[in-house]
Amino acid sequence: MSLLFLTTGGTIDKLYFDALSEYQIGDSVVERILRTARVALPFRVAELMRKDSLELTDADRATIRTAVEGAPETRIVITHGTDTMTDTARALAGVAAAGKTVVLVGALAPARFAESDATFNLGLAVATAQVAAPGVWIAMNGTVFDGAKVRKDRSINSFVAA
């Protein structure tokens, strides 16, 4: 089994310079996190884009879907901003028919921050990609959600089953 990690940007990869700066999306931290965690499973990382999820368009979601459909791997983790993660999950509906297990994951604080949820969420996504049935899943907040039955509750800054 081999895993494919597709990076799209989002908070997980954001940089913060100083109090006068805005967040910017930098190089993906995914490969560094996986190497630091000593992930032994074969994997590859491919960057699709560097965008805040609020800036993703239908064309971007089509690019993500095309990458998923064209990948030789059947187990795929996509790093993604949390604000529109569920929109992308819906855009990926039907990949189960091709035998693909897709897990979307993000972070509520940048991975470069000491108190980020990024590493934990990414670990959950790696585990989910290995054991979940074909389909689209969201791995956040210590929970695995069906990608078609989840929403982000901004009042508690967490994902909940829909």
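A salt bridge here is a side-chain nitrogen of Lys or Arg within 4 Å of a carboxyl oxygen of Asp or Glu. The model is a predicted one, in which local features need pLDDT of at least 70 and side-chain atom pairs count only at pLDDT 80 or more, while totals for chains, interfaces and linings use all residues. Residues are numbered from 1 along each chain as its sequence is written, and side-chain values use heavy atoms, with hydrogens and water left out.

**Charged pairs**

Side chains of opposite charge can pair when their charged atoms come close.

| Lys or Arg partner | Asp or Glu partner | Closest N and O atoms |
|---|---|---|
| Arginine 35 | Glutamate 31 | 3.0 Å |
| Arginine 65 | Glutamate 69 | 2.8 Å |
| Lysine 152 | Aspartate 83 | 3.2 Å |

Let us begin with arginine 35 and glutamate 31. Both belong to helix α1 (residues 30-36), four residues apart, about one turn of the helix. Helices (H or I, at least four residues) and strands (E, at least two) are DSSP runs, numbered from the N terminus. To describe accessibility, buried means under 20% relative accessible area, exposed over 50%, and partly exposed in between (1.4 Å probe, protein chains only). Arginine 35 is exposed, at a relative accessible area of 51%, whereas glutamate 31 is partly exposed at 36%.

Arginine 65 and glutamate 69 sit in helix α2 (residues 58-70), again four residues apart, about one turn of the helix. Arginine 65 is partly exposed, with 22% relative accessibility, and glutamate 69 is partly exposed as well, with 47%.

What does the salt bridge between lysine 152 and aspartate 83 tie together? Lysine 152 lies in strand β9 (residues 150-153) and aspartate 83 in the loop between β5 (75-79) and α3 (85-91), so the pair links parts that are 69 residues apart in sequence. Lysine 152 is buried, at 12% relative accessibility, and aspartate 83 is partly exposed, at 26%. Salt bridges with shared partners join Asp83, Lys152 and Arg154 into one network.

Strand β6 (residues 101-105) runs parallel to β7, joined to it by four bridges, and threonine 101 stands opposite glycine 135 in β7. Between β6 and β7 the chain passes through helix α4 (residues 118-131), and this β-α-β crossover is left-handed (right-handed would mean that, with the strands pointing away from the viewer, the path from the first strand over the helix to the second runs clockwise).

Strand β8 (residues 143-146) pairs with β7 in the antiparallel sense over four bridges; here alanine 139 stands opposite valine 144 of β8. The two strands form a hairpin with two residues between them, and asparagine 141 in the turn has a positive phi of about 55°.

**Helix α4**

The buried residues of α4 include Leu122, Leu124 and Val126. Which elements do the buried residues of α4 pack against? They pack against β1 (3-9), α1, β5, β6, β7 and β8, with contact meaning heavy atoms within 4.5 Å.

Methods. Two strands pair if DSSP finds at least two bridges between them.
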